[in-house]
Amino acid sequence: MKITREDIDHLAELSNFSLEDAEKESLKGDLENIIQYISELSNLDTDGISPTFQVFEMENVWRDDEILAQDADRESLLALTKEEEDHQIKIPKVL
Amino acid sequence: MKIANKMTKAVDLVQEALEKVEKYKDYNIFTFVNAENALKKAAIIDAKIKKGEPVGRLAGVPYALKDNFLSPEGETTASAKILTGFTSPVTATSVKKLEDEGAIMIGRTNLDAFAHGSSTENSYFGVTKNAKDKTRVAGGSSGGSAVAVALDIVQFATGTDTGGSIRQPASFNGVFGLKPTYGAISRYGVVAMASSTDCVGFFTREASDLDLLMSITAGRDPKDQTTLPDFYESSEGDKKDFPGQRAGYDRALARDTRDDGLARRVSREVLSYRIGVIKDFKSDILDKKVKELSAKGFEIKEVSLPTLKYALAVYYVTVPAELSSNLSRHDGIRYGFRSKDANTLSDLYEHTRAEGFMPENKRRIMIGNFVLSSGFYDAYFMKAAKARTLIINEYEKAFRDVDFLLTPVSPNPAFKIGEKVNDPLAMYLEDVMSVPANLAGLPALAFPAGETDNGLPVGLQLLGPRRSDAELIKFAEENL
């Protein structure tokens with residue numbers, strides 16, 4: 001499958017990061033190679049096979065609907081952000 | 001494991017480890033050295049011993065922590081710029097269990113950023129060098145941990161294994177490395193890569209140390225709903241209860257009860273394990289080991305798992321899909337690195353992630369978004385999920401005929417630094433023999449099996465059915 005510059009731009013947008021022009025060029029080649037490799041899967045017959053999304057054997061692990069003791073409190077979590085004011089995290093303008 | 005007691009002081013053990021950290025500085029093993037805290041903790045343990053107070057099973061044992069385990073000691077960066085400046089207020093369950101037994105963290109070890117890689121070259125903190133040859137890679141992603149144990153700086157180190165990240169560096173540096181059954185050890189407080197294959201495990205120089213570490217860390221954790229109920233029973237217990245008998249496990253019983261979580265070890269008469277080797281997964285070192293085991297009386301059988309040739313493709317669909325979702329949380333707002341170059345919120349996301357992720361992180365996130373995007377989901381993500389079922393079924397079938405499978409860990413020994421760094425696909429092919437165990441959730445134990453002509457260590461791995469971790473370790477202790 002051929003990967004175009006538009007494909008790279010679209011995937012970068014989905015991935016939520018910007019890319020330099022030089023990065024785009026090398027990613028185009030890398031992704032094309034990788035996608036070609038994983039496309040081998042189309043040779044495998046999987047008709048009637050159900051998918052596996054996880055390998056944990058147990059289902060429906062329940063617990064009581066109550067708040068468990070937490071390792072971190074509000075103060076220590078807020079202390080992790082670079083910009084805090086009045087117990088709130090500051091961000092740049094949205095639009 | 002050398003444990004602090006009346007004869008051995010914890011402070012001496014820690015001091016010795018810290019001196020070695022300094023001595024081997026040029027290997028670039030550690031991203032953080034915990035000198036001050038480690039010495040303080042050691043002094044507390046020594047004081048307890050002096051007073052005759054009880055201490056844990058790992059009293060004063062220095063260990064190295066892969067830098068993707070959260071704890072308040074040092075920044076947890078996963079060797080990625082985007083997490084620099086992040087000191088965790090929470091402690092991973094596995095770390096807490098080790099520390100409760102008196103183990104002392106000497107330092108945090110280097111990895112491929114977010115555990116994306118097979119060489120520890122994709123780290124924001126530079127390359128970690130191989131313990132036996134400084135011009136070669138340590139393997140990865142847990143390269144720093146493997147080298148720390150191989151150079152005898154610490155007695156054990158933690159690792160994570162999503163597709164071989166413990167076993168391949170163990171093999172490259174000549175130490176033991178265990179990737180347990182999926183769900184054996186809590187993932188709470190470990191930086192998530194791919195949630196359906198991530199496993200916590202260990203590096204040691206003795207197989208028996210793995211038994212001790214598993215008996216301490218395995219088990220159900222209310223903070224990780226994918227942890228198995230207490231299935232791990234140390235072989236030590238059997239030895240005490242049934243002296244003179246070989247501890248094995250009742251295969252028929254294990255098979256009958258495997259699915260409902262009740263499989264238990266039972267002692268029984270000596271039994272002869274049947275070892276399977278996989279067609280297409282062969283090497284000279286493997287042939288030699290097979291001859292050795294055969295001479296000891298073990299039955300060797302060749303088994304065929306035809307879908308394994310698709311395992312790497314399945315892995316490089318499934319894992320990027322999962323990690324692209326897991327890494328979407330890193331936005332520069334709540335913790336870690338935040339780009340200064342941003343006027344709007346979307347700028348902030350895009351620039352923080354552009355500056356904070358390594359090129360390999362970006363490749364994998366983009367592949368993940370590709371296989372999940374509309375138009376490609378069925379052909380890639382769903383197709384891989386179905387192929388995964390076939391792989392699991394083939395293993396189940398193989399384990400009806402054999403007890404363990406013996407395979408190489410990787411296609412080649414440690415390669416030169418820089419050799420594969422510009423060819424992502426060549427790097428991925430490193431994982432071709434290690435990823436199948438993760439896709440099926442099976443335990444796999446890498447052990448040192450020999451050397452190449454030029455003296456590079458080569459490991460092999462032994463795989464068993466789910467929950468056979470204790471048997472694998474026991475077998476390695478006695479026969480490998």
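Domain bounds here come from an automatic or database domain assignment, and in chain B that assignment gives domain 1 (10-296 + 407-479) and domain 2 (310-391). The model is a predicted one, in which local features need pLDDT of at least 70 and side-chain atom pairs count only at pLDDT 80 or more, while totals for chains, interfaces and linings use all residues. Residues are numbered from 1 along each chain as its sequence is written, chains are lettered from A, and side-chain values use heavy atoms, with hydrogens and water left out.

**Placement and contact**

- The C-alpha centres of domain 1 of chain B and domain 2 of chain B lie 26 Å apart.
- Contact, meaning heavy atoms within 4.5 Å, links 30 residues of domain 1 of chain B with 28 residues of domain 2 of chain B.

**Buried area**

- The two domains of chain B bury about 2,700 Å² between them, 66% of it on carbon and sulfur atoms, where buried area is the accessible area (1.4 Å probe) that two parts lose on being put together, summed over both.
- Of the area that domain 1 of chain B buries against domain 2 of chain B, 29% is supplied by B:I82, B:Y428 and B:L439, more than any other three residues.
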